[in-house]
Amino acid sequence: MNSLHTMAIVFIVAFLAFLVFIGIWAARKNKKGAGSVTTEYFLGGKTTPTFVLAMSYAASAVSAGSFIGDPGLLSTIGWPYYWIAIATVAGTAIPGLFIIRKMRLQSEKFGAITIADYCSQRYKSPGLKLYLSILMVICFTFTLVAQFKGAAILLEMYTGIPFKAALVVMLVVVIFFVSSGGLRSVAWTDCFMGCFMTVMSAMLVIAAISYVGGFGHIEEVLAGDYPSFNQIYESGSEAEVTVTAFGIPMLFLYGVFIMFCQPYITARYIALPDVKKSSIGKFLIIAILTAALFNLMFLVGLAGRVGFPDAEADYMTVTVSTELFPPILACIIMIGFFSAIVSTATSILLVVAQGVGGDIYGRLFKSATPKKEVLVTRVAAIVIGLIVLAFNMVEPPAFLQIFIYLGLTGVGSSMCMSLFCGVLWKKSRKEGAWASAIMGPATYLIWTQGLGLSWASGMGVAPIGAAVGMFVVSWVLNAVKGPDQELIEWADPYIDPK
C-alpha cells in the first residue's frame, strides 16, 4: 500500500498543477473578454464551445454522489436504488428539449446571469431573487459538506493523507478554482475531467462485474445473502425503506424537475454560445450519453457488496479500485474520482458564492458595481469554504449521499416551477412563483421530518407541492383579476421589454 500512497501523491500533485494552469489561463481570458465583468466571470463570456459546456454539464451533474455515495447506497439497498440512476439521467436531458432554447433567449432579454436572477426578472419580483439566493446558500452548504467528505475519503485511502488534512487540500483546490477563472475555468476543467472520467468509469465497472463472476453470479449471491436486494422496489413501511412502488415515479419527478433545475447546472444553459436547435441537440446528446456512462458507476457498489462484503458503504468504490487494480491504474481511477468531486464542488461553490455576491449583495446594496459583485463573490467562496471545512472537521455526515439529496431537493423544489412555468406558461404569476418557492421546500420538510416518510419519495413530492403552489395561486388570481398582461408580454423572448 505504501507504493500506492507514493504514486497517488505524485498523481495528485500533477493533477493539481494542471488545475492551476487552467485556472490561470481562464483568469487571463476573463480579463481579455469582450463581455462585461460579470458575464465573463459567471458565464464564460458566452463563448465556451458547446461540446465543452455539454461535458461540463454531465461532469458537474455527477459528483461524489455518483462515484462514491450512490454506489455506497446501492451496496446497502440493492437493485431498487438503481431507479435513481435511471431517473436522473432521463431528467437532466429530456426537459432540455422544451426549456433550454426559450430560457436562453429570455435570459438574454432580461440580462439574467443566474437562475435566481432569471426568476426575479421573469416575474418582476426583486425580492424573489433575494429569497431564492438565501435558500440556495443554506441548502447548498449541505451538499458541499458531502462533496468535501467524499474528497477527503478519497485522498485518505489512496494517498494516506489524514482525513482532516485532506479536507484542507480540497478547500484550497476549490477556492482557488472558483476565485481565479469563474465558469470558464470550471467548464474547461470539467470537460477534460469528463473525458478522463469516461475512461475510468468503463474500466472500473467492467473490472468489478468481471471480478465477481458477472451479473448472474451477483444475482445468485444476493438471492442467498441479501434477498431484498433483488427486488424491483422495496416493500414494507414507507418510513423504513427508500425506494417503494410509490417512490419510483417520485424519483422521475425529482430527475425532471429538481435535478434539471439545479443552478450550478442551469448556468450552462444560459452560457450557451448560440440558440440553434442543432447546437442544443448536440449539447443534450453529449450530456445524456456521458451521464448514462457515469451512472453505471452505481453498479460497482453492488458488485463490491458481493466481492468485498465487509467494506463500508461510502468506501466501497475506493476499496474495489485499490483491490482490483495495480497501483498505477488505481491512481488513474483515483484521478477520475477526484475529477468528479472537484467538478461538482467548484460548480456548486461558484453558484453559491455568486448568489451571495451577485444576487444578495447586488440586491441589497445600491453602491454595488459589477466589479464589486465579483469581488464579493470571491470573498464569499472563501468564507463558505471555511464553513464547510469546519462542519466536516467536527461532524461529517454518516451517508454523504443523503446530505447531497437534502441540499439539491431544497434548492430545486424552490426554483423548478418558476423556471418551467416561466418558460412554458405565460399566464403564470409572481404570486404563484412565490407560493411555489415556499411550498416546494416546505413539502419536503413536512414529508420527511414531520411525517417521517422516505427521503427518496420526498424528492418527488417536493415538486408536486411547488406545482400546487404555482398553479392554484396563479389560476385563482387570473380568475379573479384577469391575467397579468405585462408579465405575458414580458415572457415573450421575441419582444423587447418596455
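This is a predicted model: local features need pLDDT of at least 70, side-chain atom pairs count only at pLDDT 80 or more; totals for chains, interfaces and linings use all residues.
Residues are numbered from 1 along each chain as its sequence is written. Local features need pLDDT of at least 70, side-chain atom pairs count only at pLDDT 80 or more, totals for chains, interfaces and linings use all residues, and side-chain values use heavy atoms, without hydrogens and water.

Helices are DSSP runs (H or I, at least four residues), numbered from the N terminus. Helix H6 (residues 96–110) packs against helix H13 (residues 277–295) at about 130°, with the axes 10 Å apart. Axes are lines fitted to C-alpha atoms over the stretch in contact, and angles run from 0 to 180 degrees between N-to-C directions. Contact (heavy atoms within 4.5 Å) involves Gly96, Leu97, Ile100 and Arg101 of H6 and Lys277, Ile280, Phe283 and Leu284 of H13.

A salt bridge places a side-chain nitrogen of Lys or Arg within 4 Å of a carboxyl oxygen of Asp or Glu. The count is 4. In one of them, Glu108 pairs with Arg104 at 2.7 Å. Both lie in H6, 4 residues apart, about one turn of the helix. Glu108 is partly exposed at 44% relative accessible area, whereas Arg104 is buried at 7%. Buried means under 20%, exposed over 50%, partly exposed in between (1.4 Å probe, protein chains only).

Asp117 and Lys129 form another salt bridge, at 3.4 Å from N to O. Asp117 belongs to helix H7 (residues 115–122) and Lys129 to helix H8 (residues 126–159). Asp117 is buried at 8%. Lys129 is buried at 13%.

Key:
Helices (H or I, at least four residues) and strands (E, at least two) are DSSP runs, numbered from the N terminus.
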